[in-house]
Amino acid sequence: MKHAALSIDDLRDVVRRLPDNGLTPSREAALAHFHEHGLPTLRDEDWKYTDLSPVVNISNRWLTAGGPQLPHKSLRDTVDAITRSIDAHWLVIANGTVDDQFVNAITHRGIEVSRFSDAPAPFEMQRPLADLNAALLHDGLRLRITGSTDKPVGILVVDRAKSDAGVAQSCVDIQVEPGVSAEFIEYHVSDGDAEHYANSVLSMVVGERASVRHVRIQNRAIRHVQTSRTSVALGKDARLHMASYDLGGALIRNDLDIDLGKPGADVVFDGLYLAGDGQHIDNHTRVDHRVGPATSTQEYRGILNGNCRCVWNGKAIVHRGADGTDANQANHNLLLSEKAEIDAKPELEIYADDVKCSHGTTVGQLDETALFYLRSRGLDKRHATQVLTHAFAADIVLRSPVTAMTETITAIVEKRLAQLIEADFVSDVLS
Amino acid sequence: MLEIKDLKSRIGDTEILRGLSLSVNAGEVHAIMGPNGSGKSTLAQVIAGHESHEVTGGTVTFDGQNLLELEPEERAREGIFLGFQYPVEIPGVNNAYLLKAAVNAKRKHNGLGEVDAFEFLKLAREKMATLDMDPKFLNRGVNEGFSGGEKKRNEILQMAMLEPRLAILDETDSGLDIDALKAVAKGVNALRSPERAIILVTHYQRLLDYVQPDYVHVLSQGEIVRSGDKSLALELEEKGYDWVREAASA
């Protein structure tokens, strides 16, 4: 099955009308490369569970309308609410536009921030969605962390489509210099009733002996579609602790690629996805162990209710000669509804001899015995269900690498879980 | 207080209780004994409202109220407590959180406000001291990584905090060493009062050395085949359950 293609003529028109801020050559190169390969389809092994038709449909409607740039000033309230409640050095990309005010407000001497347009880089061949991102990009953010910072660096990607279909790109390049310890908050949020497609790219290089703690929250409006690619390369003896929380969105596809090309790297990455009626959340992770010794540990957990589908595909590749690799993968799912579907697939490819690898996947329902135990103590069914689903999510929430965010994450996870469970109790009453 | 008449139940196609009748009054301690598979635990679970048991006949009333109509949580709030034979481990749920939620659910049901956090902790620590429990258990996951004895003490702690009118302890004595058994017995005896009733479900009479029952019933194949005072337990210990079965069929 092949979905309808993106209208390439309209796309070309829209790309050519973008303001020339020095990114035109890379946009043209990306467009050409994109044109050659097109979007992935269900026939591609990495995309067999996720149909990009909604991306095509929304994009085509937006392209037909001339690819209007969405206003970013109207998002002020949402931006203020987040940047004022969470203490961080914030940078904001609103409806695809880098907000200069936030760029200019960064004065900490450990953080160097610039726009792609300040020093345009030549286009490098990428995967199709990243090509599309480069072709339609207004401007990107480049960050260099040269010294330890007093508080996390926050990257807020916020979108709103008011009445017509919207499309917005965000692209962030981060370089963490050797020996530096840094914390990042990456927050994707949106509102609005119209359909919207957000496409984001984030690349990070963690220097030798540097240590990064990174929290990523995706809390998009329920009709919004997002694809994202996050690529992290670690230097010698570098450390990365990352956690992703996916709460919203109609169709979400996250690709996380971690490249361990130098010895001594240590990576821990966790994920939590909460999906309700009509949601499709797909997490594809890939770790390339190119040399040893190095350690990667990932644990993703999902809570699914209603008619929804989630995908977890965790790939670890231990390349020839990467002896001393220790790679661990775990994926656990709690299905609260018979209509919920999870496609969980751990993949290990090992070409080295001296390695330690493990993987485990579980799919289960709420434990009836535990439910009865709590009810026999006087907690009603809803409360007991809430307590048990929270407990399932708790590990991933409490292990959050950026402690300044734990409270916020706890609150939004609680809120989303309550909504997921509430839907059941409402339908119980109606049926 | 508790009136069970001709109670019949099944799990799937298997009949478990086959016409059981029992009357328990306030202030009494009843021991229910019987061989494995006689229906002791089923009786405890049916009273508490476990959904895997289908009640196919008979009635159960608690202070005149039809108990079988109530959800498990409503029964708990009305003052029924079931101490589990195998207390459930719930990682990620704090023991103190559960205790407090349970106490507050009951208080709300009785038209009272939520318990004050300070008072709650003070009370919990007092009760834990009498059960020789380390206060650290409050901040651990519910029964998570607890030993068998610790789990049973935790059940008794919950009971002590909830002050039920009817406590049913399902094989609370099984797998306990002598110290834990004494601690559990102390907790149970502390709860004895003219307003409360206690049902001890047990396989052995060992616990009954520490908690003296007023009545002893012997269950076999889903029915009470013999009732008596505490001397019945000693007689059972001496003669074994075959003796009851033979006597019942004679």
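Reply: A salt bridge here is a side-chain nitrogen of Lys or Arg within 4 Å of a carboxyl oxygen of Asp or Glu. The model to which this is applied is a predicted one.

Me: Which residues are joined into one network with A:Arg229 by salt bridges that share partners?
Reply: A:Asp282 and A:Arg253 meet in a salt bridge at 2.9 Å, N to O. This pair also links distant parts of the chain, with A:Asp282 in strand E14 (residues 280-289) of chain A and A:Arg253 in strand E12, 29 residues apart. Through shared partners, the network joins A:Arg229 with A:Arg253, A:Asp255, A:Asp257 and A:Asp282.

Me: What is the nearest side chain of opposite charge to A:Lys315, which is buried yet has no salt bridge?
Reply: A:Lys315 lies in strand E16 (residues 309-318) of chain A, and the residues it touches include A:Thr285, A:Arg286, A:Gln329 and A:Glu349. A salt bridge requires the nitrogen to be within 4 Å of a carboxyl oxygen. For A:Lys315 the nearest side chain of opposite charge is 4.2 Å away, and it belongs to A:Glu347.

Me: Why does B:Glu73, the salt-bridge partner of A:Arg375, count as buried?
Reply: The closest N and O atoms of A:Arg375 and B:Glu73 are 2.7 Å apart, and the pair crosses between chains, from helix H7 of chain A to helix H2 (residues 72-78) of chain B. Buried means under 20% relative accessible area. A:Arg375 counts as buried because its relative accessibility is 4%, and B:Glu73 counts as buried because its value is 6%.

Me: Where do H7(A) and H8(A) meet, and at roughly what angle do their axes cross?
Reply: A:Arg375 is also one of the residues of H7(A) that meet H8(A), together with A:Ala370, A:Leu371 and A:Leu374, while the H8(A) side includes A:Lys381, A:Ala384 and A:Leu388. The crossing is right-handed, and the two helices are oblique to each other.

Conventions:
Residues numbered from 1 in each chain as written. Chains lettered and ligands numbered in written order. Predicted model: local features only at pLDDT ≥ 70, side-chain atom pairs only at ≥ 80, totals over all residues. Heavy atoms only, no water. Helix = DSSP H or I, 4+ residues; strand = E, 2+ residues; numbered from the N terminus. Buried < 20%, exposed > 50% of the residue type's maximum accessible area, 1.4 Å probe, protein only. Lys, Arg positive; Asp, Glu negative; His and termini not counted. Contact = heavy atoms within 4.5 Å. Parallel < 35°, antiparallel > 145°, perpendicular 65-115°, else oblique. Left-handed = near helix turned anticlockwise from the far one by under 90°. Lists of a residue's contacts leave out its neighbours within four places in sequence.
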